[in-house]
Every structure is written in C-alpha cells, then in structure tokens.
Amino acid sequence: MIILRLAWQSLMNRKFTTILTILSIAVSVMLLLGVEKVRSSARTSFINTISGTDLVVGARTGGVQLLLYSVFHIGDATANVTWKTVEDIKKRDEVKWIVPIALGDSHRGYRVVGTSSEYFERFRYRRNIPLQFVEGYKFSDLFDAVLGAEVARTLNYKIDDEIILAHGTGPVSIGKDHGDTPFRVSGILAPTGTPVDRVVHVSMEAIEAIHLGWETGAYSDQSNKKSAEELRKIDLSPKAATAVYVGLKSRMTTFSLQRWINTYKQEPIIAILPGVVFGELWSMIGNIEKVLLIISTLVVLTAILGMIISILASLNERRREMAILRAIGAKPIQIFTLFTAEATTIAFLGVVIGFFSLYSTLFIIQPFIENLTGLYLDITLPKWNEIILMVTIMGAAVLAGIIPALRAYRTSLSDGLMIRG
C-alpha cells in the first residue's frame with residue numbers, strides 16, 4: 001500500500017504529463033474496442049441481412065452465387081425454378097411458408113423484385129425485425145409497386161406517383177421499357193440498411209403481365225398488345241420464380257428438406273442455409289476488418305510507447321528522489337516496484353476511461369449510426385474477446401513499464417547523490 005501511495009503521489013506531481021499519457025491510452029483503447037465492436041456488429045448485421053428464412057432455393061449453381069442474386073440482387077440466375085417445383089416444395093410437410101421472388105427488370109438502375117404479398121409479413125432482417133411501411137401499404141392492385149427507402153429517397157417518389165419499369169437490368173434503351181403498363185407507388189418501406197432499401201417490389205402476377213409477348217427479350221406481337229384493364233381480367237398465374245425463400249415448421253427438419261431439394265429429380269435445383277453461406281461470403285470479403293484491427297493495435301502500441309518515453313523522460317528529474325528513497329532504506333526492488341506500480345496505474349486508468357468513454361459514446365450515437373448505415377451496434381456487457389483485449393493492453397503496459405523500472409533499479413545511490421556540473 002505504501003508503494004501504491006508513493007506511486008500515486010509521484011504521478012500527481014507530474015499531473016499534466018500523466019493526464020496526457022492516460023488520455024492517449026484511453027483513446028487507443030476506445031479505438032481498439034470500437035473497431036472490435038464494429039467488426040463483430042458488421043459481421044452480425046451482414047449475416048442477418050435476411051433473418052428467419054431457413055432455406056433459399058434456386059436453380060442449381062454455387063451457394064454464394066445463389067445468395068448474391070436472391071438476397072443482394074447482384075448478378076443473374078443461371079435459370080428459373082418452374083412453378084410446379086415451387087408447388088412441390090410448398091406441399092412438403094416440413095414447410096410452413098414459402099415466398100417466391102422473380103428478378104429480371106429494373107427501374108432507373110434499381111432492381112425490380114416480383115414477389116407475393118406474404119413477402120412483407122415473412123421477410124425479416126437483423127434481429128428478426130419485420131419490414132415496416134412509413135407510407136402507404138403493400139400492393140393490392142396488379143400495377144401497384146412498393147419502394148425501398150433508398151429508391152424513394154433518391155428518386156424523390158411519393159405515394160401515387162407513376163413509374164415505368166424497364167425490361168432487363170442494364171441501361172434503359174428505346175423499345176425495352178414497359179411504358180404501356182405504368183405502375184403506381186402504393187407503399188414506401190422504412191429504411192432497413194439491407195438490399196431491400198434498393199428494390200422496387202411488385203407482385204408475381206405483375207411480372208407475368210408486363211412480360212406477355214416479351215418471351216424473346218423484345219416485344220414481338222404488337223397486334224396482340226393488351227391494355228392494363230384487359231391484363232387485370234386474364235389469368236396471370238406465375239410460371240416460374242428466380243428463387244424461393246422457405247420457412248420451416250421446425251428447424252430440426254432443415255437438413256432433411258435440403259437433401260430432398262438437392263436431389264429433386266424433376267429439375268436441377270439447390271437449397272442453401274443463408275447463415276452458412278453468409279459466413280463463407282464474409283470470409284471472402286471480411287479481410288478489411290483485419291486491417292482495421294492491425295491499425296488499432298499499432299495505435300495502442302504507440303500509446304504504450306508514449307507511456308514508456310514519459311516515464312523514462314522523468315527519470316533524470318527524479319534521480320535525487322530515487323537516491324533519497326534509497327538513502328532512507330528503500331531497497332532496489334522497492335524502487336523497481338514503484339515504477340512498475342506507476343505504469344500499472346496509468347494503464348489501468350487509461351483502460352477504464354477508454355472503456356467507459358466508448359460505451360457512453362455508443363449509447364449516444366447508436367440510433368444515428370443505425371439510421372444512417374443500417375449497422376446495429378449491439379451494446380451489451382463486454383464479451384470475452386473485449387475483456388481479453390483490455391487485459392492484454394494492461395499486461396502490455398505493465399511489461400512496458402518494466403523498462404524504466406529496470407533503469408531505476410540499476411541507478412546507484414552514489415550516482416543519485418552526485419552533484420553534476
């Protein structure tokens with residue numbers, strides 16, 4: 001206790017330098033723990049881009065490719081899944097619900113997704129959050145469209161505005177839009193921070209309606225063109241889907257249904273577990289997190305180095321102090337312990353201040369970060385990896401403090417009492 005009191009009094013005699021050193025360690029701890037928090041939150045948010053969906057089914061291809069076009073709407077499917085196959089999957093006892101999606105069209109650079117009205121009830125993201133409407137409602141008419149938040153904001157659309165879809169996903173050219181069948185904006189979704197924000201949603205029947213006569217990729221039967229009213233009266237049952245989201249009654253049956261789908265003989269299809277494939281995809285694109293962690297670690301090492309320099313710089317001023325302590329009976333090991341205690345105190349205060357500063361900041365900025373980026377920073381009790389990081393920083397600082405402590409330990413009594421000219 002005497003050593004700790006001496007260490008504290010010594011630090012208080014050098015308040016300005018001590019406070020700066022503590023703050024540098026606190027900032028580095030905030031940065032390191034903050035990067036770790038963002039890294040884990042980003043991974044969780046990425047993996048939970050779609051939540052509550054047990055299987056995603058599409059034409060046989062790679063799992064990552066299926067995930068990219070079915071969830072992120074990046075790229076195109078190698079083939080569609082016939083509606084008979086969709087119905088066969090739906091009839092399975094394990095299946096609680098299915099939601100088909102159809103891709104292939106766009107609107108001013110944004111993907112158009114054909115789906116069923118059940119999509120707005122079944123689709124979940126992040127912490128099993130359902131989709132919500134900020135305005136309007138899901139489609140009820142054949143030519144209703146529901147916009148993602150980014151589409152509505154960027155293109156400045158409002159409820160009841162008219163939009164024209166384009167055939168294909170490339171730049172719109174003359175003769176490739178569906179100008180004869182305009183859609184009406186019926187609803188606008190709340191921001192989710194997922195690909196849903198960049199999508200125009202229409203019904204599966206609407207996809208069938210606007211593609212009558214477009215089987216070759218260009219409109220081929222001008223004489224048989226139908227008006228919107230005529231289209232509303234005919235049978236527009238879907239003939240195929242690009243992919244299907246599947247929810248199960250029990251997750252215990254996931255692998256048995258996946259095996260049945262992957263060996264389905266009527267056509268080549270594949271079922272993937274979104275969480276598993278998300279993990280594979282993250283391992284391919286998540287290297288940036290390692291770079292951030294390395295940079296943060298270097299910042300921590302810089303702060304610890306600053307602490308060493310600060311203590312070493314004070315040694316020359318404290319030579320007489322050390323010699324007096326030795327003269328009144330302090331042993332070299334006690335001098336060593338004194339300097340080590342100073343380093344430990346600085347490191348402990350830096351870690352504690354950094355930790356509480358980070359969590360205080362997170363409480364303030366969490367809702368703003370989620371609204372702006374869709375990244376949900378989970379504020380919970382420190383996880384083991386965070387505790388290990390803080391203990392490691394403390395340990396590194398204490399070990400670093402041994403350097404000036406050894407130098408003080410080796411300083412002789414006569415050297416301290418010597419009058420230097």
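## Gly350 and its surroundings

Apart from neighbours within four places in sequence, Gly350 is in contact with Ile22, Ile25, Ala26 and Val29, where contact means heavy atoms within 4.5 Å. Gly350 is buried, at a relative accessible area of 0%; buried stands for under 20% relative accessible area, with a 1.4 Å probe and protein chains only.

The residue belongs to helix α13, which covers residues 332–373. Helices are DSSP runs of H or I with at least four residues, strands are runs of E with at least two, and both are numbered from the N terminus. From Gly350 to Ile393 the C-alpha to C-alpha distance is 9.7 Å, and 43 residues separate them in sequence.

## Basis of the model

The model is predicted, with local features requiring pLDDT of at least 70 and side-chain atom pairs counting only at pLDDT 80 or more, while totals for chains, interfaces and linings use all residues. Residues are numbered from 1 along each chain as its sequence is written, and side-chain values use heavy atoms, leaving out hydrogens and water.

## Strand β4 and its partners

Strand β4 spans residues 110–115 and is mostly covered, with 6 of its 6 residues buried. Two strands count as paired if DSSP finds at least two bridges between them. With strand β3 (residues 95–107), β4 pairs in the antiparallel sense over 5 bridges. Arg111 in β4 is the bridge partner of Ser106. The two strands β3 and β4 form a hairpin with 2 residues between them, and Arg108 in the turn has a positive phi of about 50 degrees.

Strand β12 (residues 199–203) runs parallel to β4, joined to it by 5 bridges. Here His201 in β12 stands opposite Val113.

Note on methods:
Buried < 20%, exposed > 50% of the residue type's maximum accessible area, 1.4 Å probe, protein only.
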